[in-house]
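Have a look at the structure first, then read on.

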Amino acid sequence: MLAKRIIPCLDVKDGRVVKGVNFVNLRDAGDPVEIAAAYEQEGADELTFLDITASHEKREIMLDVVRHTAEKVFMPLTVGGGVRTLEDIRNLLKAGADKVAINTAAVHDPEFVRRAAERFGSQCIVVAIDAKQVPEDRPEVQPGLSWQEQYPQLFLNPGDSLPAWEVFTHGGRNPQGIHAVRWAIQMGAFGAGEILLTSMDRDGTKTGYDLKLNRAISEAVHIPVIASGGAGTLDHLYEGIVEGKADALLAASIFHFKELTIPETKRYLKSRGIPMRL
Amino acid sequence: MIAVVDYGMGNLRSVQKALERVGAEAVVTSDPARILNARSVVLPGVGAFRDCMANLEKLNLLEVVRKSIEKGKPFLGICLGLQVLFDQSEEFGRVPGLGILPGEVRRFPDNLRPNGNGFPLKIPHMGWNTVSLRKPNSLFEGVPDQSYFYFVHSYYVLPRNPDMIATTTDYGIEFVSGIQHENIFAFQFHPEKSQKLGLALLERFARLQ
């Protein structure tokens, strides 16, 4: 039976992990390669690197990190952050990434996802969606996207039933007026192989995943959905799968700071009837 | 030396590094002479069946792969490298494969459900799934039945000869996840992404003469 996946996520800036990681016996707590190896040892199912390096010129550093990780760690590796061109994707895959997460570049040009999937295969194209729940008194926003007339149905309308969620970019700062569920469906249709769904309302709060958001998207698309943002307890992880219908769970700080370890997380979920690889 | 056939697709570096990790000498190459002189051959790959066949043809590697197998070299196909061994795939209509093994490649149906009920299963089949041993083979020696391996694919093989089936896996339907026939070993899952058990499998492949 297919196991649900547990995926630690590392934020990497200029080749170093930010928001320190609390592993014992690490020679260098900021080295993404060492941390990746430690997570493999613990039995993580996949690993995600999010490159938050501000400057596009420093991308070579991340490629080096990916290269070294791929030499040491034999598990699926997803890399996201600042992926803008087919060349960026090619370089990451060549360095040893298995999947590449696309976020802002997809919002600016949805057809980019189609081109990427046609060129490299759906299996390596992850579309990352940052979504926030739409407030009932949401003011009318004029989206400033060049393709809005081509795909008007993807945008929020005053008549949309609630709850609804809006796609944001730039770490939740920029609202884009896009209806998150319809966006996810479109990304699947363009060939995305997976959705990495982050609730910007819950991210960093440790109050649990946004289960309604996750369920709405997971039931609307035919591709796997990774839930992200808000996990703080074992119960949150369980709910993410059972109520949020997530195929995989991504978490950062609860694993990095050893509030939970991967083995205890998996044992707990398995004891509650979730298929887990132990 | 093990030749990892490079036809411009997929994460070949991972396959090479995994083989090196288990002590094998592995080169990534599209040079027909090097492949034909190698002791063993690995055909990896992810992506589209049609592109894989087109690239192999463009690089004059169709015959090279065929000859390597005919010569009896230990041969390992991974994912797409399993699928292209068969007669044809229903991807984009009908695309002919290498035709080394009789059978075809099909897409998972859209309405697959776990045990026939519940919410439809996602496609691609992505993640760690268990493998049921159907036939003893040297690569699986010591691997416990129902061990987890990493999969990512939307198509599966349907061999005409059931004697070739080495392993099967359940994803709404029971599909063939491993083939063993004479010197051919081919798996739908990715040993190079399957941590310890995957590396152990590659290590045993690397030792085959």
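## Salt bridges and what they join

Let's start inside chain A: the side chains of A:Arg277 and A:Asp45 meet in a salt bridge, N to O at 3.0 Å. The pair links distant parts of the chain, 232 residues apart, with A:Arg277 in the segment after α10 (262-271) of chain A and A:Asp45 in the loop between α1 (32-42) and β3 (47-51) of chain A. Both A:Arg277 and A:Asp45 are buried. Here a salt bridge is a side-chain nitrogen of Lys or Arg within 4 Å of a carboxyl oxygen of Asp or Glu. Buried stands for under 20% relative accessible area, exposed for over 50%, and partly exposed for in between (1.4 Å probe, protein chains only). Helices (H or I, at least four residues) and strands (E, at least two) are DSSP runs, numbered from the N terminus.

Before going further, some ground rules. This is a predicted model, in which local features need pLDDT of at least 70, side-chain atom pairs count only at pLDDT 80 or more, and totals for chains, interfaces and linings use all residues. Residues are numbered from 1 along each chain as its sequence is written, chains are lettered from A and ligands numbered from 1 in the order in which they are written, and side-chain values use heavy atoms, with hydrogens and water left out.

How many salt bridges are there over all chains? The rule gives 29. A few of them, side by side:

| Pair | N to O distance |
|---|---|
| A:Arg5 and A:Glu194 | 2.8 Å |
| A:Glu87 and A:Arg90 | 3.5 Å |
| A:Asp247 and B:Lys122 | 2.9 Å |

Take the pair A:Arg5 and A:Glu194, joined by a salt bridge. A:Arg5 sits in strand β1 (residues 5-13) of chain A and A:Glu194 in strand β9 (residues 194-199) of chain A, so the pair ties together parts 189 residues apart in sequence. A:Arg5 is buried, at 1% relative accessibility, and A:Glu194 is buried too, at 0%. There's also a network of salt bridges here, linking A:Arg5, A:Glu46, A:Lys99 and A:Glu194.

A:Glu87 and A:Arg90 make a local pair: they are three residues apart in helix α3 (residues 86-95) of chain A, so about one helical turn separates them.

## Where the chains meet

Contact means heavy atoms within 4.5 Å, and 30 residues of chain B are in contact with 37 residues of chain A. The two chains bury about 2,800 Å² between them, 53% of it on carbon and sulfur atoms; buried area is the accessible area (1.4 Å probe) that two parts lose on being put together, summed over both.

Three salt bridges cross the interface of chain B and chain A. As for polar contacts, 20 residue pairs between the chains make one, with both residues at pLDDT 80 or more. (A polar contact is a pair of N or O atoms within 3.5 Å; within protein, one must be able to donate a hydrogen and the other to accept it, and residues adjacent in sequence count only if both atoms are side-chain atoms.) On the side of chain B that touches chain A, α1 (12-21), β8 (125-133), β9 (147-153), β11 (165-171) and α6 (195-207) of chain B each supply at least two residues. β8(B) gives the most, with six residues.

B:Arg13 lies in helix α1 of chain B and is buried, with a relative accessible area of 19%. The side chain of B:Arg13 makes a polar contact with that of A:Glu71 at 2.6 Å. Leaving out residues up to four places away in sequence, B:Arg13 touches A:Arg67, A:Glu71, A:Lys94, A:Ala95 and A:Gly96.

## One more buried spot

A:His179 belongs to strand β8 (residues 174-179) of chain A and is buried at 9% relative accessible area. Beyond its neighbours within four places in sequence, A:His179 is in contact with A:Leu154, A:Phe155, A:Leu156, A:Asp160, A:Ala164 and A:Trp165.
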